[in-house]
Amino acid sequence: MLNFVILQKKQVVLHRLKAGKIEEMDSPQVYRKIIHLDMDAFYASVDQRDFPEYRGKAIAVGGSPDGRGVVATASYEARKYGVKSAMSSRMALQLCPQLIFTSPRFDVYRQVSYQIREIFHRYTDLIEPLSLDEAYLDVTVDKLGIGSAIDIAKAIKAAIKDELDLTVSAGVSVNKFVAKIASDMDKPDGLTFIGPSKIVKFMESLPVEKFFGVGKVTAKKMRELGLFTGLDLKKQREDDLVRWFGKTGHFFYRIVRGMDERAVVPNRSTKSVGIEDTFDVDIASLEELNMILLRLCKQLWTRIGKKEISGRTITVKLKYADFVQLTRSLTIDTSFDSEEKIYATAQGLLGKITLANKVRLLGVSLSNFVDEVDFPKEGVQLTLFENHP
Ligand SMILES: [Mg+2]
């Protein structure tokens, strides 16, 4: 734990200098104070707020009652039936026949997102948005001198409730990794604090699936190696972890010891990560394109894993032999956290494109990481929700 503390200390000094408060740093127990905030069923909650007839009802934002399209966000009433983000409308209707589909109102969601961010700015300017409805805050030094990250999280939750009539779940800890997991532990309207004294136990008991970069494939490999929890990972030597999992092994080694020094970075610069391939010979078969898409998604997943980022928008790009280019996108309210999810979504998007001509280029990208969220352009969104009333 000690090396962890020392690494954190530098950053705290830096923040204090920035805030103009230079204090004696003789205590060895200096930790950062990180809050991860995640709005509860964001798009659906905003719709339920604005349209009283939807309150208490199972609603799905996006998708369509005729079974076409994909759910972007489901209300908690719909989640009880198993309806989830990125699920096909057909499947969602099977699980919940009374499901109400609403058209996404991205301008409204973006507007609300700015209002939320203004509330955050009352307490700190070290805000790293991950999407419209999710952000990390570093409140090691807060603007109002409140001091307690738990009190700040409570104040933010109250302001969002009072001023915007919405709920948010907060995770409070000393690093980004634990704060993010904590915010998900008591949804909706949760507040979970995992302090320094609890982190070791917490990480040890965490199922391996909860670690970044552990998709279904890695999870399967871990099970085969007998690794089920953080404690199992912790017992391994670093070079073994690297041998089994590549560079991510270094990350597993550190994170399971609570070592996550990633700073909260306002305005992260990555806007999208993408892979594309131009073919030697133009391709006409959807089956063949799907196989190439699978390979592209694997490469994309590797690249995302290295950057330790997560995104909510998948875009498939296709160029015909005559150089006419098309893109199709889908944004969900949770992030694309596995290779399988990315491929299933990309495949669905590709399936919506009419193969009018042979194809010379295929690409897939992940975006929507940051502040200025790049929602798909209107035309694309209309295509996705074309059958929606
Ligand atoms: Mg959310």
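Which residues of α2 are buried? Select helix α2, residues 42–50, and colour F42, Y43, A44, S45, V46, D47, Q48 and R49, the buried ones. Buried here means under 20% relative accessible area, exposed over 50%, and partly exposed in between, with a 1.4 Å probe and protein chains only. Because eight of the nine residues are buried, α2 is largely enclosed by the rest of the structure. Helices (H or I, at least four residues) and strands (E, at least two) are DSSP runs numbered from the N terminus.

The model is predicted: local features need pLDDT of at least 70 and side-chain atom pairs pLDDT 80 or more, while totals for chains, interfaces and linings use all residues. Numbering starts from 1 along each chain as its sequence is written, and side-chain values use heavy atoms, leaving out hydrogens and water.

A salt bridge is a side-chain nitrogen of Lys or Arg within 4 Å of a carboxyl oxygen of Asp or Glu. The structure holds 23 of them.

Next, select the magnesium ion. Its protein donors are D38 (OD), M39 (O) and D133 (OD), at 2.2 to 2.4 Å. Donors are N, O and S atoms within 2.8 Å of the metal (3.2 Å for Na, K and Ca); water is not among the atoms, so sites may look incomplete. Along the chain the donors follow the spacing D-M-x93-D. D38 lies in strand β1 (residues 34–39) and D133 in the loop between β5 (127–131) and β6 (134–138), so the pair ties together parts 95 residues apart in sequence. D38 and D133 are both buried.

Move to E134, whose salt bridge with K180 has its closest N and O atoms 2.4 Å apart. This pair links distant parts of the chain, with E134 in strand β6 and K180 in helix α7 (residues 176–183), 46 residues apart. E134 counts as buried because its relative accessibility is 7%.

Then select K298 and E339, a salt bridge of 2.9 Å, N to O. It joins helix α13 (residues 286–307) to helix α14 (residues 339–351), the two residues being 41 apart. K298 is partly exposed at 39%, whereas E339 is buried at 14%.

For another pair, pick D239 and R237, bridged at 2.8 Å, N to O. D239 is partly exposed at 44%; R237 is exposed at 51%.
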